[in-house]
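Welcome, and thanks for stopping by. Please take a look at the structure below, and then we can walk through it together by topic.

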Amino acid sequence: MQVVLSNQAGVPIYQQIEDQVKTQILNGDCPAGMQLPSIRELAKDLKISVITTTRAYRDLEAQGFVTNMQGKGTFVAPQDNELIHEHALRAIENGLQMAIDAARLGGVETADLHTMLDTLLEGENDG
C-alpha cells in the first residue's frame with residue numbers, strides 16, 4: 001500500500017490517507033484480507049501523528065473498507081459489489097454537484113450543462 005501526502009492539497013491529511021486507501025481497495029491493488037501497516041508504522045513512515053492515522057483507519061472501518069482485529073492488525077475487508085456501486089454513485093453525485101455549482105457561478109445554462117455531459121459521454125463511447 002502506498003500513500004503520498006501533500007500539504008498543498010487543501011485536504012486534511014487523514015482524508016488523503018482515507019481516499020488513497022479506498023482507491024487502492026476499489027482498484028484491487030489492496031485485495032481482501034491484505035494486512036495494512038499498523039497505525040504506528042504508517043504514522044512513522046509518513047512522519048505524521050498517530051492520532052491522524054488512527055482517525056483515517058477508524059473512518060475506513062466505519063465505512064466497511066477495513067476490519068480491525070484486536071492484537072492482529074487492520075485488514076482489507078471483503079468488498080461487495082453493492083458497496084462499490086454506492087461508493088461510485090456518491091463520488092459521481094459529488095462531482096456533478098461541483099459542476100452544477102461552478103455552472104451557477106459562471107452563469108451557464110442548464111441546457112449547456114446537458115450538452116456538455118452528452119458530449120463527454122459520447123466521447124467515452126467513441127474511445
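Which element gives the largest share of the nonpolar patch? The answer is α4, with four residues. This is a predicted model, in which local features need pLDDT of at least 70, side-chain atom pairs count only at pLDDT 80 or more, and totals for chains, interfaces and linings use all residues. Residues are numbered from 1 along each chain as its sequence is written, and side-chain values use heavy atoms, with hydrogens and water left out.

**Overall layout**

- The protein is divided into domain 1 (13-76) and domain 2 (81-126), with bounds that come from an automatic or database domain assignment.
- Between the C-alpha centres of domain 1 and domain 2 there are 29 Å.
- Helices (H or I, at least four residues) and strands (E, at least two) are DSSP runs, numbered from the N terminus.

**Surface patches**

- The nonpolar patch on the surface is formed by L89, I92, L96, I100, L117 and L121, which together have about 480 Å² of accessible area.
- Two or more residues of the nonpolar patch come from each of α4 and α5 (110-126).
- Patches are made of residues with over 30% relative accessible area and no salt bridge; like charges are joined within 9 Å, and nonpolar side chains (Val, Leu, Ile, Met, Phe, Trp, Tyr) within 5 Å.
- Accessible areas come from the Shrake-Rupley method with a 1.4 Å probe, and for residues only the protein chains shown count as cover.
- L117 is found in helix α5 and is partly exposed, at a relative accessible area of 39%; here buried means under 20% relative accessible area, exposed over 50%, and partly exposed in between (1.4 Å probe, protein chains only).
- There is also a negative surface patch, formed by D80, E82, E86 and E93.
- For charges, Lys and Arg count as positive and Asp and Glu as negative, while His and the chain ends are not counted; the place of a charge is taken as NZ of Lys, CZ of Arg, CG of Asp or CD of Glu.
- E93 lies in helix α4 (residues 81-106) and is exposed, with 54% relative accessible area.

- D59 forms a salt bridge with R55, and their closest N and O atoms are 3.2 Å apart.
- Both D59 and R55 lie in helix α3 (residues 50-62), four residues apart, which is about one turn of the helix.
- R55 counts as partly exposed, at 40% relative accessibility.
- A56 also has its place in helix α3, but A56 counts as buried, with 0% relative accessibility.
- A56 and I39 are 17 residues apart along the chain, and their C-alpha atoms are separated by 9.3 Å.

**Loops and pairs across the sequence**

- K47 sits in the loop between α2 (39-46) and α3, and has a positive phi of about 60 degrees although it is not a glycine.
- K47 is exposed, with a relative accessible area of 74%.
- P78, in the loop between β2 (73-76) and α4, is exposed at 66% relative accessible area.
- A91 belongs to helix α4 and is partly exposed, with a relative accessible area of 46%.
- A91 and T23 are 68 residues apart in sequence and 12 Å apart in space, C-alpha to C-alpha.

Note on methods:
Salt bridge = Lys/Arg side-chain N within 4 Å of Asp/Glu carboxyl O.
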